[in-house]
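Dear colleague,

Please find below the structure that I am handing over to you.

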Amino acid sequence: MSRDEMMDLQGKRLHKLVELVYHHVPFYREKLQAMDISPDDIHTIEDIVKLPFTTKQDLRDNYPVGLQAAAQSEIVRIHASSGTTGNPTIVGYTAKDIEIWKEVAARCLTAYGVTRNDIFSVGYGYGLFTGGLGVHNGVEYVGASVVPTSTGNTEKHLRLLRDLKITGIACTPSYALYLAEALEKSGMTKDDISLRVGAFGAEPWTENMRKEIESRLGLQAYNIYGLSEIMGPGVSYECEYKNGSHICEDHFYPEILDPETLEPLGRGKTGELVFTTLTKTGMPLLRYRTKDLTSLMEDDCPCGRTSVRMTRIIGRSDDMLIIRGINVFPSQVESVILDMPEFEPRYMLVVDRVANLDTLQVQVEVRKDYFSDEIGSMLQLKKKLADRLKSILSISADVKLMEPNSIPRSEGKSVRIVDKRRLD
Amino acid sequence: MITRQISIFLENKRGRINDVTKVLAANNINMEAFCIAETSDFGLMRLIVSEVDRTVEVLRKADFAVIVTDVVSLRCKNVPGALSSVLETLAAKDIFIEYMYAFSRQETADVIIKPNDLAACVKILSEINPDNR
């Protein structure tokens with residue numbers, strides 16, 4: 001589909017969507033009326049900038065089903081996200097939503113090369129979480145055999161992988177590594193199993209993790225992205241070129257915003273990812289702020305798909321620091337550190353203000369195998385990290401090499417930032 | 001004459017060197033020689049001890065970053081010019097010294113040398129002084 005045809009389709013769908021929420025969701029009607037916007041003002045996809053945003057807080061405030069557009073009798077499935085703080089997020093799906101979800105999940109699997117000849121294990125949790133059932137339906141839609149392994153029983157999972165000659169798997173990347181470890185511990189190797197394709201998502205991961213998963217499980221590892229508020233797994237996916245994730249933009253329209261000013265950012269700029277559900281009828285959302293940080297790529301992909309792609313998620317916008325006027329996300333620092341085997345996957349950021357100038361110190365622990373008796377190579381290691389940080393952050397950071405175990409282990413929400421700036 | 005040296009990575013923090021010596025004392029380990037190299041935010045403490053493996057074990061148990069490096073230990077006469085003649089030979093044979101430190105007794109001085117090429121350095125030294133331990 002050409003860009004013009006896609007934009008035309010998106011514009012038509014956006015108009016219908018605004019009509020739907022205007023007439024069926026009081027929350028949106030009030031917002032649109034306050035902004036003096038009616039569905040007739042929205043005709044092209046470019047008109048989207050006139051529309052209000054939706055936040056996670058809006059979903060909580062309208063708990064449980066205040067943002068639902070469909071009558072309860074039309075809802076065929078309800079998922080809920082784990083609310084660690086406050087109300088959980090309830091998402092109701094109509095039969096049409098479930099059909100679309102199946103189809104987009106199948107698009108992902110097809111891009112990974114899954115066919116009806118595959119046997120596919122879904123190692124995401126089944127239940128209120130969208131991961132398990134979302135991928136499950138996609139696998140069935142492709143026509144492959146689905147094995148609903150779910151989470152928890154690693155021993156049985158390994159046995160099934162081996163005995164059923166399972167060829168595909170979906171799970172979190174960290175579970176994939178755990179599985180690889182368990183495989184090796186059990187005395188088997190990747191040659192004892194037949195995996196060839198893996199779909200990994202639901203948490204941030206790195207290129208190094210990809211390489212590790214691929215070599216230890218003997219498969220091709222692809223990213224799958226989704227979030228329950230928008231649909232679930234199937235919002236975007238990598239193709240065989242593994243160069244950004246293709247967004248199913250005929251259903252989920254992406255925008256990138258500056259998380260501070262909420263102004264749209266140009267293509268290629270990193271900011272907060274915002275989605276509008278163009279075709280959803282259960283709980284459609286206008287410009288939902290995902291808080292995920294990424295950038296969009298519109299250049300041609302060698303695979304031939306013309307859809308816009310998103311880069312790897314580099315973190316969450318709510319952790320943002322402003323240092324010397326530059327937006328800095330701890331996750332950017334994290335991604336650099338996670339990609340360097342020389343350092344432990346832990347860090348501490350210390351922000352201070354010295355002589356009216358903000359300073360950023362990044363404290364890291366060097367891994368045992370990379371310590372050197374030579375001052376020169378230790379300083380080189382320090383410089384290597386400082387250079388990479390500078391190229392990612394656009395400000396220079398002072399790297400401080402720390403002794404082993406001097407930085408607290410990440411357990412849940414550990415404090416990774418110390419902001420000593422006092423503004424008086 | 002090859003000896004194993006222990007290097008410990010230390011943050012520049014008050015009392016940190018004493019943390020090392022306390023662990024050594026508690027485990028009844030005696031240092032034969034040591035030196036400290038420092039940068040603006042960390043230092044390396046290099047030690048020569050008699051029981052290398054046990055020392056590494058107790059230091060690692062105390063969460064220190066410890067590595068063991070092979071270095072050259074050279075015994076020469078504790079007289080003016082003794083070291084100079086050795087270094088001249090090494091330089092003439094293209095051996096580069098990354099760092100060195102020394103400790104002297106009554107009659108002799110022990111010099112610890114970290115050369116860029118350990119094997120070549122040892123060979124040259126054994127040629128000029130076969131009695132070197």
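In this predicted model, helix α4 (residues 95-111) of chain A packs against helix α5 (residues 130-142) of chain A at an angle of about 75°, and their axes are 7 Å apart. That angle makes α4(A) roughly perpendicular to α5(A). On the α4(A) side, the residues in contact are A:W101, A:K102, A:E103, A:A105, A:A106, A:C108, A:L109 and A:T110. They meet A:G134, A:V135, A:N137, A:G138, A:V139, A:Y141 and A:V142 of α5(A). Sorted by class, this contact has 9 nonpolar, 4 polar and 2 charged residues.

Helix α7 (residues 173-185) of chain A and helix α8 (residues 207-217) of chain A cross at roughly 35°, their axes coming within 10 Å. The crossing of α7(A) with α8(A) is left-handed. From α7(A), A:P173, A:A176, A:L177 and A:A180 take part, while α8(A) contributes A:M209, A:E212, A:I213, A:R216 and A:L217. Here the contact comprises 7 nonpolar and 2 charged residues, with no polar ones.

As to the chain as a whole, chain A has 10 helices and 21 strands. Its radius of gyration is 23 Å, close to the 22 Å given by the globule rule for 424 residues, so chain A is as compact as a globular protein of that length. The C-alpha atoms of chain A fill a box of roughly 70 × 65 × 40 Å along the principal axes. Of the 424 residues in chain A, 41% are buried. Among contacts between residues at least 6 apart in the sequence of chain A, 64% join residues at least 24 apart.

With kind regards

Technical notes
Residues numbered from 1 in each chain as written. Chains lettered and ligands numbered in written order. Predicted model: local features only at pLDDT ≥ 70, side-chain atom pairs only at ≥ 80, totals over all residues. Helix = DSSP H or I, 4+ residues; strand = E, 2+ residues; numbered from the N terminus. Rg over C-alpha atoms; globule rule 2.2 N^0.38 Å. Buried ≥ 20, exposed ≤ 12 C-beta atoms within 10 Å, placed from the backbone. Contact = placed C-beta atoms within 7 Å. Axes fitted to C-alpha atoms, helices over the stretch in contact; angles between N-to-C directions. Parallel < 35°, antiparallel > 145°, perpendicular 65-115°, else oblique. Nonpolar A, V, L, I, M, F, W, Y, C, P; charged D, E, K, R; others polar. Left-handed = near helix turned anticlockwise from the far one by under 90°.
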